[in-house]
Amino acid sequence: MAGSMHLSRLRRWFLASPPIEFAISNLKELLVGALRQGPIPQHVAFVMDGNRRFARSHGIETVEGHNLGFEALARILEVCYKSGVKVVTIYAFSIENFKRSKFEVDALMDMAKVKLSQMAQHGDLLDRYGAKVRVLGRLDLLKPDVLAAVNKAVDLTSRNGDRVLNICFPYTSRDEMTTAIRDTVEDYSTPLRPALFANGPARTPFSESHIAHNIRAQTLGSSRPQDTHSDSESTSAESSAQEDDAVLRNDHASRVYESGSSFSSSTTLHLGGQDGHHSKAAASGNTSDGDSPMYMSPETISRQILTDHMLTKGTPPLDMLVRTSGVERLSDFMLWQCHENTEIVFLDVLWPEFDLWHFLPVLLGWQRRISKSRQNPNAEGNFAGDTPETSEEDADNMVLRQTKVKAI
Amino acid sequence: MVSQTDREILRAEIRSRGDKLNAADRENLLKPYLPDPADLAPANSTSSTSPRRSRAGTSSSQRRQKPRRKPIRTFLKSQLYRLTYAITHIFFGIVVRLLQAYHAVVDRIFAIVYHHHRTPELIRKDVRGLKRLPEHLSVILTLHKEDDALAALMDEVAELAAWSACAGIPQLSVYEKSGKDSCFNQHGRSTWPNMKPQANSLASALGVLKSCIPALHQIISTKLASYFGTPSQQPSLQLFAPHHPIHGTAPNHKSETPSLTLLLLSSTDGRETIVDLTKTLAEMSQNGKLSPEDITPELVDAEISEITTQPLRASGRGVSPLKPEPDLLLVFGPFLKLDGYPPWQIRLTEMYCTGDRNHGMTGYGEAVEYQGFMRGLWHYAGAQMRFGR
């Protein structure tokens, strides 16, 4: 035991000595530069797992483990962005994590706040080098001071370059999916404004209301007494409005009635066009144009629309998901995003130890597979998704952008 | 890479919660690691950065104003990177092939040592020492391109069903992307890209599946008979798919034989189901029957789970309803890819890929083999497989 401790200390001293450090950083630089020459995943997600276990196994405080985890994150972000990854998504805090000890939650929140507010102090540097920072998740669960730091950091970096760092802060994927569903439903249940719907009548040259009116007139002509008996409400409404309108409203009311809504037909009739139920009023106001198209049809909801309502909207599809510490499940992270062509990698290394050396084989394997599937597109198990081709033109810029090790 | 001394400074700073250094100190600490602002200027839109450059990067950028320096050095560097890329990949390829050969040998040995011999007792013995078994096992299979792909796939499903029944796993779900066995079209995979744009044709693919269930049930029953012998000793089998009625015999709870519930899934049960749910919810909301605030994870969970449990309950047999979330997901493929597997259910599912150790090499680990199945179960239990039972 003592021997191994001496050995590790010797090793650390050796690695920290200036020439070795210089050599290692040069080697890393070279490898990252080499990685850039091949295809690179555009969107990588990390589950930073193992901070607590690392702390426990090394006999340090849990909070200290999280700090080391943050260092590892900085290391890996450097590798990712330098090698050409556009979007990195990290799982920083799950909604479930609120159940952990208050001390740890507070420490994590504190850390996030300190990091984010420190970031905000470096506005200049961030503008020049930084990535866009976005915080995904249930921000309403955060304390106000943390939320303020989050908003400030997001605002500051919102105009930055094409690199994006998504921090999933209080996040679970099920919550994300539910929110996406809810938002979609909300979108679809706001009535379309007439301006938006301007081309609607043009596509249906025959006015449904007019047809309905004609039919009504014919039936009225043939069997008037029965008809007035059957819906006395329409005759009561006739006094207040034109006949055309009243028939239509009656039409609408009966439709609502059929659909089993809580609105009785009579209230809709009386309130029609008034301020009582706003959406209903708007709906019946639109009814004069036609029947159904006052809302967007739910049938037009597609996978793409839901994807656009996810928190990761606007980012390229997830190419790779890496989880450290050997736990082989997703734990409610990126369920929607990773379910198609994402390569999921579980590594048996704790997050604070995670470095280029662990990540390199994964990236190389990915590159190998992608270039194989490009050569032989019909091979089974290949990626259907698009492969990064865009990096060619800005490759020169990026070479320039590498840190000048040789200039030292 | 950050040097050790700077790292120590940063760590001390973190411990003091960020009040040791001020912003300027930190920027000085960072400066050696940042790329030269002069290099960056042409890449950025110059108009926005010019005032800032004069403020932050005074010393370095004023000395060297030329926008493009050392073209030869840049060129050499890019050539060096290209060379390194080639060399790394050659070495990586060699290592991968060696590993692949090693694992192929190991797998053959496992396949010999661990063979089921169609004997339920042997399979039971193989799983006896395990700490835990999945209650609901899920498997991702791929339909291959050969002419008899469908028959092969059905045989794989039957084998898996038999192994699960022997091992005592009560629930098995099988996922195959292309809407399961397209009975009428043996080349399911090759025609698939043409079908993809129309979501409606997915539904027709699912319709084909319905016609396949009886055939599949027949095949599995035959397979079970070859494992268990006489029908009285066979486990009772229930086979169904979402939106389809149950096919099979009701489990007889008095008998000692285990029962197996087999669920067939396809890509339509994945994102498409969530889309369908959203459509229904949107319609309800438009009709004023539901307010968007009512949509909670619990509601969605209940609705999604309903799809897989409903047929069981509707038939009145579901004494122990299907567990909607699988405990273990086995991927028979070269690398771990979900390939459209239903996203909602796999929140806490452990995943295991039989070809995982080969860095995404194709053409390996795709075969559905007993040793792969066993490796997954052993892995789930946190145990190591050894040579010799």
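This tour goes through a predicted model, starting with a helix pair in chain A and moving on to the sheet of chain B.

**Stop 1: two helices in chain A**

Select residues 102-121 of chain A, which form helix 5, together with residues 144-157, which form helix 7. Two packed helices are described by the angle between their axes and the distance between the axes. For this pair the angle is about 35 degrees and the axes are 9 Å apart. The crossing of helix 5 past helix 7 in chain A is left-handed.

Now show the side chains where the two helices of chain A meet. On helix 5 the contact residues include A:M109, A:A112 and A:L116; on helix 7 they include A:V146, A:A149 and A:A153. Sorted by class, this contact holds 10 nonpolar, 1 polar and 3 charged residues.

**Stop 2: chain B as a whole**

Switch to chain B, which has 13 helices and 7 strands. Of its 389 residues, 38% are buried.

**Stop 3: the sheet of chain B**

Colour the strands of chain B. The 7 strands make an open sheet with mixed pairing, and their order is 4-3-5-2-1-6-7. Strand 4 (247-248) and strand 7 (350-353) of chain B are the edges; each has a single partner strand, so one side of each has no neighbour in the sheet.

Next, select residues 171-176 and 259-265 of chain B, strands 2 and 5, which pair in the parallel sense over 5 bridges. B:Q171 can be found opposite B:T261 of strand 5.

**Stop 4: a helix across the strands**

Methods. Residues are numbered from 1 along each chain as its sequence is written. Chains are lettered from A and ligands numbered from 1 in the order in which they are written. This is a predicted model: local features need pLDDT of at least 70, side-chain atom pairs count only at pLDDT 80 or more; totals for chains, interfaces and linings use all residues. Axes are lines fitted to C-alpha atoms, for helices over the stretch in contact, and angles run from 0 to 180 degrees between N-to-C directions. Helices (H or I, at least four residues) and strands (E, at least two) are DSSP runs, numbered from the N terminus. A crossing is left-handed if the near helix is turned anticlockwise from the far one by less than a right angle, and right-handed if clockwise. Two residues are in contact if their C-beta atoms, placed from the backbone, lie within 7 Å. Ala, Val, Leu, Ile, Met, Phe, Trp, Tyr, Cys and Pro count as nonpolar, Asp, Glu, Lys and Arg as charged, and the others, Gly among them, as polar. A residue is buried if 20 or more other C-beta atoms lie within 10 Å of its own, exposed if 12 or fewer, and partly exposed in between; C-beta atoms are placed from the backbone. Two strands pair if DSSP finds at least two bridges between them.
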